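Please open the model in your viewer and keep the selection tool at hand.

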Number of protein chains: 2
Amino acid sequence: MNDTKTLQQAFNESLYPVGGHGKRNVGVLLEAFQGIDGGTDSDTYGSGAVIEQFQTEMAEYLGKTSSVFFPSGTMAQQIALRIWSDRSGKTKVAYHPLCHLEIHEQNGLRELHRLEPVLLADKTSLITLKDVEGLPDDVACLLLELPQREIGGQLPAFEEVEAISAHCRKRGIKLHLDGARLFEVLPYYRKSAAEVCALFDSVYISFYKGIGGIAGAILAGDTDFTEASKVWKRRHGGDLISLYPYIVPASRYFKERLPKMEQYYRDAVELAALYNGCQAVTTRPAVPVSNMFHVHVDLSKEAAERLMISVCEQTGVGLTHNINAVSDQSCYYEISLGDRYRAIPKDKLHDAFRLLRELMSGS
Amino acid sequence: MNDTKTLQQAFNESLYPVGGHGKRNVGVLLEAFQGIDGGTDSDTYGSGAVIEQFQTEMAEYLGKTSSVFFPSGTMAQQIALRIWSDRSGKTKVAYHPLCHLEIHEQNGLRELHRLEPVLLADKTSLITLKDVEGLPDDVACLLLELPQREIGGQLPAFEEVEAISAHCRKRGIKLHLDGARLFEVLPYYRKSAAEVCALFDSVYISFYKGIGGIAGAILAGDTDFTEASKVWKRRHGGDLISLYPYIVPASRYFKERLPKMEQYYRDAVELAALYNGCQAVTTRPAVPVSNMFHVHVDLSKEAAERLMISVCEQTGVGLTHNINAVSDQSCYYEISLGDRYRAIPKDKLHDAFRLLRELMSGS
């Protein structure tokens, strides 16, 4: 064993990486554009067949009147909250303390839009109906993320989402869906995207998580809302002359991978059970409800890294490329399954978990 | 002649379109990625060889310490002005009344950044040293656009830009270059990009005008400035997980077309002379200083459209796809030359202008 090798290096060199669809490389673009005629016109500042057709398809799929393609979810969601704020004259918006807007966007919502977040629930739990009932009256909009990524992809019962939606409608609070991983939870909910989205006033979905595209997002809602979002898209600098380099892959991989979401979810349930069979290892959720979960290990980050490098080098199975410290004695990492998982021979996977069980019982 | 055909249709079907490099279609992407290995890693949220190398190359070319790739100039320029405003504690920024930020960005600078523009010069003339000397003291930054697109691509003498720069430095006003078409004016100025950019504190350049890429921009300056710009890029939703679909074409077409800027400029001088030989037609500038100019025609927009459709149908030469009304008796259109111009057989071009001269003298 080479002691200087990092976990990222070991993972990159592993024969059988576990998570995702494949490497994020130019091949993703080349594959997406195979068979696309060079004479196909570019979109132009939001107009043209390539963008308009995709927006129409996505609006229909989500059961909304209209949708707009954005270069990023960061842009789309800030804009959604701004529109609901402007419409209501209220500057507060509510979301989870580990919401993408709170932890990954350099405070854009405050710095660009002067909106004030109200944080609901604590950092380890889901937003509940009770939390929502306790909202003050000066909140314009509640953002719900389904599944809640930063706590392992946990998900409220569908009935709870229905109750939250009914409560928000009664109170005049707009409900926005952060559906970055919406496709991934539909098999568990046993609902169509439209059935879930019917509970929300506006919906954002992403094309580079489970779908495996290059980048890009859709924001959907009624036509008044989406027309307003186009004005803000221009203001943000997101109304690019050409977005087809993201739309063509989004469209292709959507068709290819949407039917596989059930498979990814089943695979996550199987893999989480293997993890939970190891001493001092637990998954959150215990039984996944999508293609993702978190693996919590009762070891320091450094000890866990050494262990995962050993598994990688001895069995060829790359369990993770990155581990996050929680304390001196605990750490976790995220698993998000895609096409790669089924490419691992079952005996190799079981070799890896036999070794992981041995190492953990001896640790 | 088919009376129902629009100018845009006639232009699209013309054998010899005059402006630009070619159609904005998927072929632009496919050509740019020819020979790029599928195993080439994507950039990841602003990191990785593909984005870092290009940023280094562009910083060197512009003679600046550092540069950042942005999905759009709209985003890059608002951010530049915001940074200079925050640093100075002043909320006013000065620019031309036909600046991109004033007329094409849905008021993003005000709505997102709360900055207050001070408009310099009138809508038909360039900003002069005298205008700048008259600026109030509470202005954080002056934006100069070289060339000034909306008035035909006019350009101040280089000495005047030097004097404006010296004045701004003396007064502590930051000077920002809107260099959307900077490459295109270097042959006229007989200066390197770095010589021009040395007069400015921050510089934006674009890759889908003369360069003919798909989209994208570079913002350059000192490292403090560019590091701050990355934070704002994240806030705007422009820090995409993958920008390589724009960077690879920008890099390729930069290498391919930068050496042709002199040719495009010479061609524009030639073509403008042909226009100025027609009765009731004048170009602005009279002698172009870049690859672009405006053609002013003393006819209504509708009469001019009929005339251009005739030229298109009778000679195969598409002079323009779009005409803008000025009054009932005058209109204009923009010419921006690229690779297409030299693909027109000279006899066809002269046929077109012979016909245009006839039609104009009879009009």
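Select helix α4 (residues 73-88) and helix α11 (residues 223-236) of chain B, which pack at an angle of about 120 degrees with their axes 9 Å apart. Axes are lines fitted to C-alpha atoms, for helices over the stretch in contact, and angles run from 0 to 180 degrees between N-to-C directions. Helices (H or I, at least four residues) and strands (E, at least two) are DSSP runs, numbered from the N terminus. The angle makes α4(B) oblique to α11(B); angles under 35 degrees count as roughly parallel, over 145 as roughly antiparallel, 65 to 115 as roughly perpendicular and the rest as oblique. To view the contact (heavy atoms within 4.5 Å), display residues including B:I79, B:I83 and B:W84 of α4(B) and B:F225, B:A228 and B:W232 of α11(B).

This is a predicted model, in which local features need pLDDT of at least 70 and side-chain atom pairs count only at pLDDT 80 or more, whereas totals for chains, interfaces and linings use all residues. Residues are numbered from 1 along each chain as its sequence is written, chains are lettered from A and ligands numbered from 1 in the order in which they are written, and side-chain values use heavy atoms, with hydrogens and water left out.

Next, select helix α9 (residues 182-189) of chain A. Seven of its eight residues are buried, so α9(A) is largely enclosed by the rest of the structure. Buried means under 20% relative accessible area, exposed over 50%, and partly exposed in between (1.4 Å probe, protein chains only). Among the buried residues are A:L182, A:F183 and A:Y189. After α9(A) comes A:R190, with a positive phi near 55 degrees.

Now move to B:S192, in the loop between α9 (182-189) and α10 (193-197) of chain B. B:S192 is partly exposed, at a relative accessible area of 34%.

In chain A, select A:L146 and A:P147, whose peptide bond is cis, with omega near -10 degrees. A:P147 belongs to the loop between β5 (139-145) and α8 (158-171) of chain A.

Proceed to A:Q106, a residue other than glycine whose phi is positive, near 50 degrees. A:Q106 sits in the loop between α5 (100-103) and α6 (108-113) of chain A, and is partly exposed, with a relative accessible area of 41%.
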